[in-house]
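Visitor: I would like to learn how to read a structure. Where do we start?

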Amino acid sequence: LEQRGVNVYTDDGIDEFVASDNNPEYTIVKLKSGMALPPTKVTILGLGVRPDTKIAAEAGIQVTKRGHIVVNENLQTSVENVWAVGDAIEVRNPILGGSEMWSIALAGPANRQGRMVADNIYG
């Protein structure tokens, strides 16, 4: 994201959103560290969804350093006849492409992945 000009702030929290004095269409985000971000029309929050995949790892399923289950393009795990979907897995970013893996913690993609797995299992 940063390579594409997006500012990413981690290991900090939001203290408050304040209307900009200069333009009411813009908001200033004040962080707990005291930093005030530049006025913006859009703020995107990624609030730390973490998968609970301990049982998968204990069962011998390969997981990433961040704890996501490793799957192939058919959503199969490293264990035969075991598939995984949803925010527990990492997939190639469908928008940015490339080989970088992302977790997508949203219901829509998880629902689609579930249907894909059913199709892969039952043809």
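Visitor: What radius of gyration does the protein chain have, and what would a compact globule of 123 residues have?
Guide: First, a caution. This is a predicted model, where local features need pLDDT of at least 70, side-chain atom pairs count only at pLDDT 80 or more, and totals for chains, interfaces and linings use all residues. Residues are numbered from 1 along each chain as its sequence is written, and side-chain values use heavy atoms, leaving out hydrogens and water. The radius is taken over C-alpha atoms, and the globule rule is 2.2 Å times the number of residues to the power 0.38. Here the protein chain has 19 Å, whereas the globule would have a value near 14 Å.

Visitor: How much of the protein chain is buried?
Guide: Buried means under 20% relative accessible area, exposed over 50%, and partly exposed in between (1.4 Å probe, protein chains only). Buried residues are 20% of the 123 in the protein chain.

Visitor: How many salt bridges are there?
Guide: Side chains of opposite charge can pair when their charged atoms come close. A salt bridge puts a side-chain nitrogen of Lys or Arg within 4 Å of a carboxyl oxygen of Asp or Glu. The whole structure has three. One of them joins Lys-41 and Glu-25, at 3.3 Å from N to O. Both residues are exposed.
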